[in-house]
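Hello,

Here is the structure I promised to pass on to you. Please open it beside this email and follow along as you read.

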Amino acid sequence: GDFMCPPCAQTYQDYKPILARYKAEYPGEIAFISKDYPLEQECNANIQRDLHLAACESAVAVRLARLKGRGDAMEEWLYARNQALTPVIVRQGARDIGGVPDFDEQYQTVLNQVKSDIALATILGITGTPTFFIGHREPGSDTVLYVRQGALPAQYFDLALQYELKKAGKITP
């Protein structure tokens, strides 16, 4: 995802209650793993032109805020402002919302972590955001049910999770 991407912000808001419900009803059975794919050339060589001029800073801000236990608050703040973000605003938010006093000092090191997500995305053939892989893991194999580049309507996301939980024997018909 990209914290400046409007469809990413929308799916974040739409999926949050669905994920919370499944995590409560099926503890330990659902994992939502997010990876960064900023649509900005500074950190993503796959991008032909900058689409989001504070996307790299936003990804770094969330990672640094997570280290302070403020990652969720940072994500909320960024998504709520995603169309108005600038590198300066993100740095201020990292300090004020994320509790990160030394953003600039840590930026390059953490940016390299973001670039490792981009490298994985390149291997997987991802070219845009948001992208979702929905599936389940069984001992000895990984199965991916669905790969979607672009926003997936919330009701279909919910159905895909139900399907996977049924397939894994966690929900009985």
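Let's begin with helix H3, which covers residues 71-80. Its buried residues are Gly 71, Met 74, Glu 75, Trp 77, Leu 78 and Tyr 79. These buried residues pack against H1, H2 and H4. Before you go further, please keep in mind that this is a predicted model, so everything below is computed from predicted coordinates.

Next, have a look at H2, one of the helices that H3 packs against. H2 has 13 residues, and its first and last C-alpha atoms are 19 Å apart, close to the 18 Å expected at 1.5 Å a residue. How many of the 13 residues of H2 are buried? Eleven are, and H2 is mostly covered. Among them are Ala 55, Cys 56 and Val 60, along with Glu 57 and Arg 63. The partners of the buried residues in H2 are H3, H4 and H5.

Now for H5, which runs over residues 103-124. With 22 residues at 1.5 Å each, H5 should span 32 Å, and the 30 Å between its end C-alpha atoms agrees with that. If you look along H5, you will find a kink of about 35 degrees, centred on Thr 109. The buried residues of H5 are Phe 103, Tyr 107, Val 110, Leu 111, Val 114, Asp 117, Ile 118 and Ala 121. Helix H2 (55-67) and helix H4 (87-96) are included in what covers them. After H5 comes Gly 125, and its phi is positive too, near 80 degrees.

How do H2 and H5 sit against each other? Their axes are 9 Å apart, and the two helices pack at an angle of about 100 degrees. That angle makes H2 roughly perpendicular to H5. On the H2 side, the residues that meet H5 include Cys 56, Ala 59, Val 60 and Leu 64. On the H5 side, Phe 103, Tyr 107, Val 110 and Val 114 are among those that meet H2.

There is another helix pair to explore: H1 (residues 6-25) and H6 (residues 154-167). Their axes come within 9 Å and cross at roughly 25 degrees. Angles under 35 degrees count as roughly parallel, and H1 and H6 are therefore roughly parallel to each other. The crossing of H1 past H6 is right-handed. In H1, Asp 14, Tyr 15, Ile 18, Leu 19, Arg 21 and Tyr 22 take part in the contact. They meet Ala 154, Phe 157, Asp 158, Leu 161, Gln 162 and Leu 165 in H6.

Two spots in the loops are worth a look as well. Lys 35 is in the loop between H1 and H2. Is Lys 35 buried, exposed or partly exposed? Its relative accessible area is 43%, so Lys 35 is partly exposed. Leaving aside residues up to four places away in sequence, Lys 35 touches Gly 1, Asp 117 and Leu 120. Asp 117 is also one of the buried residues of H5. Lys 35 and Phe 132 are 97 residues apart in sequence, while their C-alpha atoms are 10.0 Å apart in space.

The other spot is Pro 130, in the loop between H5 and strand S1 (131-138). A cis peptide bond joins Thr 129 to Pro 130, with omega at about -10 degrees.

Happy exploring!

Technical notes. Residues numbered from 1 in each chain as written. Predicted model: local features only at pLDDT ≥ 70, side-chain atom pairs only at ≥ 80, totals over all residues. Heavy atoms only, no water. Helix = DSSP H or I, 4+ residues; strand = E, 2+ residues; numbered from the N terminus. Expected span 1.5 Å × (residues − 1). Bend = angle between axes of the 7 residues up to and from the residue. Buried < 20%, exposed > 50% of the residue type's maximum accessible area, 1.4 Å probe, protein only. Contact = heavy atoms within 4.5 Å. Axes fitted to C-alpha atoms, helices over the stretch in contact; angles between N-to-C directions. Parallel < 35°, antiparallel > 145°, perpendicular 65-115°, else oblique. Left-handed = near helix turned anticlockwise from the far one by under 90°.
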